[in-house]
Structure formats: structure tokens, C-alpha cells
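Student: I would like a close look at a single part of this protein. Please keep the terms plain.
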Amino acid sequence: MKNKLKVIIKKQHRNENKRIEVENIKIMEELSLKKFEEASEKVKEVTLDTNLVFSEHFSSKTGNKVYLKPENMQYTGAYKVRGAYYKISTLSDEERKKGLITASAGNHAQGVAYAAKKYGVKATVVMPTTTPLIKVNRTKNYGADVILYGNVYDESCEYAMNLAQKEGFTFVHPFNDLDVATGQGSIAMEIIKELPTVDYILVPVGGGGLATGVSALAKFLNPSIKVIGVEPAGANCLQVSLKEGKVVTLPSVNTIADGTAVQTPGDKLFPYLQKNLDDIIAVPDEDLIVAFLDMVENHKMVVENSGLLTVAALKQLKVKDKKIVAILSGGNMDVITMSSVVQQGLVQRSRIFTVSVLLPDKPGELVRVASIIAEAKGNVIKLEHNQFVSINRKATVELRITIEAFGHEHKNEIVKKLEEDGLRPKIVKVNI
């Protein structure tokens, strides 16, 4: 009896495995080269040419030939218009007339709003309350109604889906949709046409729509191309899911890359990502801050934190003499965030630092300190004079000096000069 039971269980397992295998094959067949070709032609109606930009700076730093795919230069400031427009093109007139609704941290919102305007239909967008003002206003400017709800994308998405069911709107998912992913994949078509011998494509990952489309089409066209997904370390839902072999929801996310702050990767996309991504890299926020400075200073381009993931990941890619394309997914960054990132980047690079010195409270001491810094070619940009650091304030005062330098080595030279003059400087960790 036990043996018969074992045989029955084994048969059930085989049947279940076969069923899952058949379902996976069916799913995988939904993305086809024909659809990618169709989408690539369709999105030309709303996209600008974003030709590859060779980066002398990143090439010399990595020992590879690095090219940038500047989707931050799209009319809507991001690649998302591709997937949104193609998805809307596949809807019936009836589905479009119902009105469209979506959820987004910003870039998909603008993509849907712009695409809906092109088709002459109404769009409603639910955005997290933390969305930068520039993204909210631009979405409204394209004619969409904006609802601010939830602290993170996942909360906004749940609200939008409930609203779609309640009001009868047609929901356009920002990533967990194969048509949307197909539209995003048009980027890979352009990359490979322009650079047929590309070895690596680095693609930002939030929910996985862009990574699904790019990796699937790249493998269709040339299976030897390596496609690497890049996530923020504080929102690495795909990295965790791939490791576990199933879709995993993170308990929380914490990253300055708001466009990729997603807790759960798309379950419809996961089989493709498992099959087509060659690796995944997680990038800490501090690397994004430095990458922003690199991009502004060396390429004169503003790229938002999510769009910088691929650039920040270059140093983790242990290869040489390869042709690498880093997709810059968007450039919609508000001025306040930009200012903060620049300041923190300057601090990280030791381009700006603050030291504290204790001085006798007598004439000429300030001039002495300033002269030492000037001789070391440092530039004083801020002074704070504290007379109340000691009870005997006539004997000792604290001087905090914020100095502009050329980098780590120059900073150390300035500090050494102050030490040699007996000032015993202490580095102060403060935000400027």
C-alpha cells in the first residue's frame, strides 16, 4: 500500500512539474521578436533619438569602452514613455474610452500622461506623497489628474488598482505587464543597431519592466550579450527574489533612488528575468551621489538617482576591454534634491570639508589660520566663531572652517599644514 502511495505521489509531482513547465513556456512565448519589432516602430512616434554617447571618463576609469544610452534626454525626461505608449496602442477603443489609471513614482506617470494626451484620452495617476514636485507638476502639465497617496510606490499601486475596479478605469501597470515591457525593450533594439558588437548592457531595475524587455530582446538578437540588472541596495527586491528562486516582497525600502524604490518585482516578469539576466548588482546610495557629480562634471548631463544606477555599478563589474552600454533611464530630478546630492557628493569627494581648531582669543589668530590655508591653496568658504566653547572664553575660542579643496590628497595636505602649526585640527562631520 505504501509503495502504491509513493508511486501515486511521484506521478502527481511529475504532472505538477509538467504543468508548471507548460505554463512557463506559454508565458515565455508571450514576448516575441515580432512584437519587439512592432513596438520599436510604434514608439518612434513619441520618442527622440538617444544615440549612444562614448564616455572617455568612465572608459579610462574602468579599462573598458563605456557608452551611455541617455534616456534622460527623452521629451518626458525618461524611457517610460516607450512602454506606456506601446501599451496604450494595444488597447481597444473601449478600454481607452473608460479612462486610464496608473501608479508611479514619477517617470511612468509622465509617460502615461503624455501617451494618453496623444491618444486624446483621460488619465489619472496615483503618486507617492514623497514624489518630487517636478514630477508631480509635469504629470499635471500633460493633462493627467494626480492623486498623492502612500509613502512608497507599492501603496500607491494598491490604491490605484482599487480605484480602477471601483470606477471602471483601465489600469496600466508601470512594469508588471508584458506589453509595457515590450515597449521598454525597444531600447535594446536601438543599442544593438548602433553598436552590434556590444558585450554588456547595464539596466536599472525597479519592478523589472525595463530589465525584462531589454534582456529578452538582447537574447533574441544575440544570446552572447550579457545583460546585468542594477538595483539600489536599499530596494533590492529582485536580487533577493532571484536568490530565493521566487518573488519576494521586501518589508521596507530605503533609498534616494525614488524611481526604483519598489518592494516587489513583477510576478509576470520574474520568469523572464530568471532566464535572461546574467547577473544583478546592488548599489549603495553613497555611490549614486558620487556618480551624479561624475555625470554633471564630465558629461554635462543631469541624471536622476535611479538613472545613475548603471553608472555607479561600473566599478563593481570586474571585466576589462569590453564594450559596455549603461542605460541612463531618466533625468527628472527636482532642484532641491539636486542641491543636496551635489553638496553631499562634494563632501564625499573631500572637495569640501570642515575642520575645528581651538585658538587663543586675541587679535591676529584668525589671520594666521587663514594664511596657513591660503598657502596650502585651500579656499575658505565658511567660518563659525564660537566664544562659548570654554568657561574661560578669553583664553580659548573654537573656529570651525569649511574649506574647498581639490580632493582627498589636497584635504590631507591642508590638515597637515594646520597640524604643523600646532593648531590640532579636528575634522567635523557636518552637512553644509
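Student: Leaving aside its neighbours within four places in sequence, which residues is Thr124 in contact with?

Tutor: This is a predicted model, in which local features need pLDDT of at least 70 and side-chain atom pairs count only at pLDDT 80 or more, while totals for chains, interfaces and linings use all residues. Residues are numbered from 1 along each chain as its sequence is written, and side-chain values use heavy atoms, with hydrogens and water left out.

Thr124 lies in strand S4, residues 123-127. Strands here are DSSP runs of E with at least two residues, and helices are runs of H or I with at least four, both numbered from the N terminus. Beyond the neighbours within four places in sequence, Thr124 is in contact with Leu100, Ile101, Thr102, Asp145, Ile147 and Phe169; contact means heavy atoms within 4.5 Å. Thr124 is buried, with a relative accessible area of 8%. Buried means under 20% relative accessible area, exposed means over 50%, and partly exposed is in between, using a 1.4 Å probe and protein chains only.

Of its 432 residues, 52% count as buried. Among contacts between residues at least 6 apart in sequence, 73% join residues at least 24 apart. The C-alpha atoms fill a box of roughly 90 × 55 × 50 Å, taken along the principal axes.

For contrast, take Leu33, which is found in helix H2, residues 33-42. Leu33 is partly exposed, with a relative accessible area of 31%, whereas Thr124 is buried at 8%.
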